[in-house]
Structure formats: structure tokens, C-alpha cells
Amino acid sequence: MSHGWWSKLLDRSIIASYDRTGYERHAAAFVDDDRRRHQRVLITGGTAGIGLAHAQHLHALGASVRLWGRDASKAAAAMASLDKASDRATFDAVDMGDLDAVRRAVDALPAVPFDVVTLNAGAMPLTRTLTPQGHELVWASQVLGHFLLVRLLHATQRLSSDARIVWVSSGGMYTQPLQLEDLRRDAHYDRHVTYAQAKRAQVVLAARMQREWPSMVVVSMHPGWVDTEAVRHSMPMFHRIMRHRLRTPEQGADTLTWLATTTSKLQGGAFYFDRSPQPLHLKSSTEESPADVERLWSLMTNATSST
Ligand SMILES: NC(=O)c1ccc[n+]([C@@H]2O[C@H](COP(=O)([O-])OP(=O)(O)OC[C@H]3O[C@@H](n4cnc5c(N)ncnc54)[C@H](OP(=O)(O)O)[C@@H]3O)[C@@H](O)[C@H]2O)c1
């Protein structure tokens, strides 16, 4: 990333950083590093948008990609866009918000470890929705379901010893602290706040997971503002205003694929944007205490225990 004063000013504007011009400016400083090839990769939400572009990048690097998603027609289009003849792409229908479905899907996986797990599935539902286990959907699908997935893969030796776990969070998390009260949103559902708080929890969990499993690399990242169905559907006004400045899914997936494949040393537990670690907070009012982190960890562990 360029460190000129003008570039720093543009980064502070947020808009000229998270948008397509920000990507182009930051990408001018990217180095052409060596990549890990032929990896085994599991991508949640790999059937559309950023997750699909990531799957296509990895597939082109010889990876075997396993895509998880809900919608069969999206999955069919995604699979058609990969080179099916190579037999290196598989789809499993899994709703990440349904913890029993996540358990069944992990049980059904072959006993071969993954090198990379990309925790990308995400959406911002317009209305509050409860999952079969009675959790609020954003929290269940983006935080609980992904935590459960990694926990089960680890417990069943389905992660290689130096596996990379990448949480797809969002710069929106900067607006919110870690919030652990009323996670079912019984009192009030604001989709923007609910989403940003789930994204904050992902960033905190990535750093905590890294401490728990130091042989692996666990990071979180922000793809920038990307023109996808999620943005068109959940933020129509933002999409209308910003549509000419949004990143392509390929640009949004660049850092994701780099984190999954680079042979350069990564900073475990960090939050990345455009291939660079970023601050975890922009203001002190969002900072969590070590006790909050441990509370989140035990909440996750309890909510994903099978009994
Ligand atoms: N686009 C942006 O500007 C932006 C910015 C910051 C962060 N992000 C994050 O980037 C990630 C990808 O978003 P996107 O913009 O690429 O959205 P997208 O084009 O709508 O793709 C979302 C993917 O997630 C899957 N998905 C959603 N909910 C799921 C669930 N409950 N269970 C399983 N799969 C689920 C979708 O498949 P099904 O519909 O079949 O379930 C789809 O494959 C999300 O985590 C999002 O929060 C996006």
C-alpha cells in the first residue's frame, strides 16, 4: 500500500479507499509473490459474489474447492463457471445458520484435511429471522455456524496442521463494539447494527482462535465495497449511489485469495484489507476487554456444544 500523504488522506476518506479507486491505488503496490498451489479449500458462501470469485481464483491455482451455500440454482451456475472436467469442484447444500445442518455436513466430509477454510457466507436479512435452533440468523450463520464449522473440522482432524482460516468480515465492524447482550434481537432488530456487530465478533474470534490454535494461521479481512447481490438487495440506496465506484467481485476477492495462498509471512489474528494488516479499532469506545473476549469464547463454545 502506498504511504504518500495524498494516499493516506484518501485512505482516511474511507470512500476513496473501500471503493474501486482504492483497490486500484493499493494494488499498484502489490508484489508478485509466490503462491501455494493445489490446496484443498472449503469456502462457505462460495456460490456467488466474492466467495465465487475467490473459488475461481483458487481453482485456477490448481486448488480443489468445496463450495457451501443454500441455493441450488446459484450452486449450479457456480459449478458451471469452474472447470468441472478437472473434478476439482464440489458443492454441498448447507445453511450456515442451521447448526445441525453444519454438523451433518462436516460428518459427511471425506477424512482428508483442508489447507484453507474461508468463512465467507453472509447476508444482511431485511427482517429478523430465527433459525431452527432459535438463534437470530445473522449471528447464527456468520458467527456461530462458522465457529462450529472450524471447531468440528479441528476436532475431527480435518484441518492440516498449518491450515489457514480466513474470516470474511467487513469494515462496517469499525462502527460497533463487541456486543453480547440480546443476541436473539428480541428487543429490536436493526439489520445494519446486527450485521456490524456480527462482523466485529468475527474479528475478535479470529484473534482469539489464533491464540487457541497457534500452528494454524487465523485472520479476518475486509473485501472493500463490492458490487454483489447482497449489496443490491440489502443496501439498495447505497448501491444506487455507489454503483459506479464499487469493486468487482474479483477485486473484492483479491486479498482473500492472497491470504489463502501467499507464501509471504502473515500476521496471525490480524484484520487485513488490500493485503495489509489494519488497526482493529478506529476509536477507543469500540475496544473490548480481555474478559469480554473470554466471555465471547465461552458463549461460542457453549452454544456449539452438541449436548
Ligand atoms: N459486498 C460487499 O461490499 C461486502 C463488504 C464487506 C463484507 N462483505 C462480506 O463478504 C461476504 C460475501 O458477501 P457477498 O457480497 O459476496 O454476497 P453475495 O454475492 O450475496 O454472496 C453471499 C454468499 O453467501 C451464501 N450465503 C448467505 N447466507 C448463507 C447461509 N445462511 N448459509 C450458507 N450460505 C449462505 C450465498 O449463497 P446462498 O444464497 O445460496 O445461501 C452466497 O454464496 C459476506 O460475509 C459479506 O458480509 C461484503
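**Reading exposure, packing and pairing**

Author: Arg-245 is partly exposed, with a relative accessible area of 35%. On this scale buried means under 20% relative accessible area, exposed over 50%, and partly exposed in between (1.4 Å probe, protein chains only). The model is predicted: local features need pLDDT of at least 70, side-chain atom pairs count only at pLDDT 80 or more, and totals for chains, interfaces and linings use all residues. Residues are numbered from 1 along each chain as its sequence is written, and side-chain values use heavy atoms, with hydrogens and water left out.

Reader: Which residue forms a salt bridge with Arg-245?

Author: The general idea is that side chains of opposite charge can pair when their charged atoms come close. The rule used here asks for a side-chain nitrogen of Lys or Arg within 4 Å of a carboxyl oxygen of Asp or Glu. Asp-19 meets Arg-245 in this way, with the closest N and O atoms 2.6 Å apart. Asp-19 lies in the loop between α2 and α3, and Arg-245 in the loop between α10 (236-242) and α11, so the pair ties together parts that are 226 residues apart in sequence. Helices (H or I, at least four residues) and strands (E, at least two) are DSSP runs, numbered from the N terminus. Asp-19 is buried, at a relative accessible area of 0%.

Reader: How many salt bridges are there by this rule?

Author: The count comes to 16. One of them joins Glu-294 to Arg-211, at 3.6 Å from N to O. Glu-294 belongs to helix α12 (residues 290-303) and Arg-211 to helix α8, so this pair links parts that are 83 residues apart in sequence. Glu-294 is partly exposed, at 35% relative accessible area, while Arg-211 counts as exposed, at 55%.

Reader: Are Asp-254 and Arg-275 buried or exposed?

Author: Both are buried. Asp-254 forms a salt bridge with Arg-275, and their closest N and O atoms are 2.8 Å apart. Asp-254 is in helix α11 and Arg-275 in the loop between β7 and β8 (276-278), so the bridge connects parts that are 21 residues apart in sequence. Elsewhere, salt bridges with shared partners join Arg-208, Arg-211, Glu-212 and Glu-294 into one network.

Reader: Which residues of helix α3 are buried?

Author: An α-helix has 3.6 residues a turn, so residues three or four places apart point the same way. In α3 (residues 20-27), the buried residues are Gly-22, Tyr-23, Arg-25 and His-26. They cover an arc of only 165° around the axis, which puts them on the same side of α3; the arc is that of the directions from the helix axis to the C-beta atoms. The buried residues of α3 pack against α1, α2 (15-18), α11 (249-261) and β7 (271-273).

Reader: What is Leu-148 in contact with?

Author: Contact means heavy atoms within 4.5 Å. Leaving aside neighbours within four places in sequence, Leu-148 is in contact with Leu-99, Val-102, Arg-103 and Thr-304. Leu-148 sits in helix α7 (residues 137-155) and is buried, with a relative accessible area of 0%. The C-alpha atoms of Leu-148 and Val-106 are separated by 9.8 Å, and these two residues are 42 apart along the chain.

Reader: Where is Thr-261 found, and which residues does Thr-261 touch?

Author: Thr-261 is part of helix α11 and is buried, at 0% relative accessible area. Not counting residues up to four places away in sequence, Thr-261 touches Asp-34, Arg-35, Arg-36, Gln-39, Leu-58, Leu-61 and Arg-164.

Reader: What is phi of Asp-182?

Author: Most residues other than glycine have a negative phi, and most peptide bonds are trans. Phi of Asp-182 is near 45°, a positive value. Asp-182 lies in the loop between β5 (159-168) and α8 (191-212), where Arg-185 also has its place. Arg-185 too is not a glycine, and has a positive phi of about 60°. Asp-182 is partly exposed at 33% relative accessibility, whereas Arg-185 is buried at 9%.

Reader: How many helices and strands are in the protein?

Author: There are twelve helices and eight strands. The radius of gyration is 18 Å, close to the 19 Å that the globule rule gives for 307 residues, so the protein is as compact as a globular protein of that length. The radius is taken over C-alpha atoms, and the rule is 2.2 Å times the number of residues to the power 0.38. Buried residues make up 53% of the 307 residues.
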